[in-house]
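Subject: Structure for you to look at, with notes

Dear colleague,

Here is the structure I promised to pass on, with my notes below it. Please open it first and keep it beside you while you read.

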Amino acid sequence: MTNYGWGILAYVALIFIAGVGVMPLVRRSGKRFIVAGKALPFFFVGTTMMAQAIDANATMGNTGAVYGPGGWWAGFQFPLGLALCLVITGLFYAMPLNRLNLLTLPDYYYRRYGRLVEVLVAIAMAISFMILVAGNLSGVSWIIHIAFGLTYLQALIGISVVLFLYTMSGGMFSQVSTDIVMIYPSIIGFIGGFLFLYLTYGWDFFKPAIPAGHFDLSGLMYLKSGALLNWAGILALGLGDVVALDFMERVFAANSPRTARNATFYAAAGTIIIGLAASFMGLMALKLSPNVAEPRMVLPTLAMGLPFIFGLFIMGGIIGAGMSTGDGGVLAISSVFGRNIVQRNILKIWQKHYSEQDRKALDARLLWVTRVAAIPVMAAAIWIAIIKPEPGILLVLAFDVVFAGCFVPLTLGLYWKKANTYGALASVIVGSLLRVILYYKIPPEWAGADTLIPPLVSLLVMVPVSLLTQKQDPPRHHINDYVPSEEEVLSTAY
């Protein structure tokens with residue numbers, strides 16, 4: 001085994017120990033398992049948000065896209081869009097949503113619009129995140145396959161077992177502890193690797209290898225340079241990821257609205273810094289590694305030529321990025337599946353009067369429902385990663401469907417008192433279906449418009465439908481004015 005192999009093995013072992021070691025903090029509590037008891041301070045929330053943003057797309061996918069014919073904006077759109085999402089979340093969503101004492105994002109749709117909207121949103125979000133988890137498992141497995149000489153399937157099963165065990169041990173506590181282990185060495189690797197190359201060779205060494213139009217604003221200004229597709233990617237991430245389950249779980253876990261808001265800004269800054277380093281290394285690879293045929297191998301190839309410590313931290317960062325997004329996705333989906341589908345609609349666990357013993361029983365029941373739900377969730381993600389090892393197109397479509405159908409009801413529900421159930425249903429159904437239709441019907445030269453049009457139509461549908469159905473579904477107390485009790489949160493009966 002090479003030095004890199006031993007280093008990666010030690011890195012994965014450290015992640016596993018950090019994740020399993022915090023299991024006692026759960027204390028048989030579903031609320032502590034899902035949102036860490038809503039008690040996380042600024043540094044922990046900011047770190048785990050940053051780790052969720054810096055995924056395989058923002059690192060390995062970013063570098064490979066910049067290296068390819070699409071140029072700078074084809075790759076940098078990933079960290080830029082994710083950082084933009086964090087800033088928008090901090091400005092408009094983090095504080096009001098943190099105040100509401102939510103456990104999952106579909107809880108908001110249930111409380112604001114009712115059970116049918118909740119179920120539709122929960123199913124759409126769960127499917128999109130299963131594909132996200134599968135994509136990140138696939139990326140991590142590919143690196144392990146290279147480092148250890150295992151088959152792809154062996155690497156996939158092995159890393160999936162590690163991720164599942166530590167995530168189900170401590171829930172959100174495991175994610176915080178493992179994210180701290182993963183993200184800061186990654187920052188050292190990316191910044192250190194970029195600075196090493198820049199200081200060793202100087203920018204004039206790399207400039208001749210960069211094609212004309214590759215590193216300018218043409219990728220944002222001209223259709224022939226991919227501007228429409230790039231803007232679609234930036235806006236889909238910047239707005240669409242506002243309804244990302246993993247980001248919002250961290251917003252709910254913050255110990256105060258102010259902590260939730262400030263943590264998003266901290267995470268956005270870190271995302272941009274790492275994203276810039278990864279993008280610039282994509283440009284540098286045009287000179288240093290001009291014959292890499294597989295885009296996802298550009299960053300690993302470049303990392304292997306760096307001083308060992310930087311190369312190891314970058315390789316570990318790629319693995320960490322995939323595992324962090326994967327464990328966040330597994331926890332988020334299992335929480336949604338267990339709470340918003342199984343517990344609320346199948347088990348229907350609630351009652352009218354609560355003693356302290358009842359409350360503890362409800363909290364413990366939420367924990368086991370969530371852990372049991374994680375088993376089929378993980379199995380589905382592994383299955384997708386086997387049959388579709390690179391689910392990039394599926395991932396874009398899945399997240400676009402969520403963006404198209406769920407973003408408008410969330411936003412109007414917070415900021416427009418006349419938003420109602422009929423409007424939300426119309427918005428979710430029309431926006432989501434239109435995105436699927438455009439996926440098959442949009443001409444290739446207009447790629448990107450299929451992402452941008454459906455959310456606008458969703459808005460144009462929800463407003464008039466809500467206004468026309470005020471008598472059938474008049475505005476109730478506004479959600480911002482109502483915070484449920486602990487018993488209501490745990491029982492889901494509010």
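Where is the place of Asn101? Asn101 sits in the loop between α5 (72-99) and α6, where helices (H or I, at least four residues) and strands (E, at least two) are DSSP runs, numbered from the N terminus. Before going further, please note that this is a predicted model, in which local features need pLDDT of at least 70 and side-chain atom pairs count only at pLDDT 80 or more, while totals for chains, interfaces and linings use all residues. Residues are numbered from 1 along each chain as its sequence is written, and side-chain values use heavy atoms, with hydrogens and water left out.

The phi of Asn101 is near 60°, a positive value in a residue other than glycine. Most residues other than glycine have a negative phi. Asn101 is also buried, because its relative accessible area is 10% and buried means under 20% relative accessible area, with exposed over 50% and partly exposed in between (1.4 Å probe, protein chains only). Lys38 likewise has a positive phi, near 55°, and is placed in the loop between α2 (30-35) and α3 (42-53).

**Salt bridges**

A salt bridge here is a side-chain nitrogen of Lys or Arg within 4 Å of a carboxyl oxygen of Asp or Glu, and by this rule the count comes to 3. One of them joins the side chains of Asp107 and Arg339, at 2.7 Å from N to O. Since Asp107 belongs to helix α6 (residues 105-113) and Arg339 to helix α16, this pair ties together parts that are 232 residues apart in sequence. Asp107 and Arg339 are both buried.

Asp400 forms a salt bridge with Arg435, with the closest N and O atoms 2.8 Å apart. Asp400 lies in helix α18 (residues 392-415) and Arg435 in helix α19 (residues 421-441), so parts that are 35 residues apart in sequence are tied together by the pair. Both of these residues, Asp400 and Arg435, are buried. Arg435 also meets Asp450 through a side-chain salt bridge (3.5 Å, N to O), and because Asp450 is in helix α20 (residues 449-468) while Arg435 is in α19, the pair ties together parts that are 15 residues apart in sequence. Asp450 is buried, as is Arg435, and the shared partners join Asp400, Arg435 and Asp450 into one network.

**Cavities**

A search of the whole structure finds 2 cavities of 30 Å³ or more. A cavity is a set of points, on a 1 Å grid over the protein atoms alone, where a 1.4 Å probe fits but cannot get out, and its lining residues have an atom within 4 Å of a point. The largest cavity has a volume of about 50 Å³, a volume being the space filled by probe spheres set on the points, which are joined across faces, edges and corners. Its lining consists of Ala51, Ile54, Met182, Ile183, Ser186, Gly317, Gly320, Ala321 and Ser324. The elements that give two or more residues to this lining are α9 (172-201) and α16 (308-347), and α16 gives the most, with 4 residues. The lining divides into 5 nonpolar, 4 polar and no charged residues, where Ala, Val, Leu, Ile, Met, Phe, Trp, Tyr, Cys and Pro count as nonpolar, Asp, Glu, Lys and Arg as charged, and the others, Gly among them, as polar.

**A nonpolar surface patch**

On the surface, Leu153, Ile157, Val161, Leu165, Trp383, Ile386 and Ile387 form a nonpolar patch with about 660 Å² of accessible area together. Such patches are made of residues with over 30% relative accessible area and no salt bridge, with nonpolar side chains (Val, Leu, Ile, Met, Phe, Trp, Tyr) joined within 5 Å and like charges within 9 Å; accessible areas come from the Shrake-Rupley method with a 1.4 Å probe, and for residues only the protein chains shown count as cover. Helices α8 (152-170) and α17 (356-387) each supply at least two residues of the patch, and the largest share, 4 residues, comes from α8. Trp383, which lies in α17, is exposed, with a relative accessible area of 55%. Leu367 is also found in α17, but Leu367 is buried, at a relative accessible area of 6%.

With best wishes

Methods: 1 Å grid on protein atoms, 1.4 Å probe; cavity = no way out; pocket = protein on both sides within 12 Å on 5 of 7 lines; lining within 4 Å.
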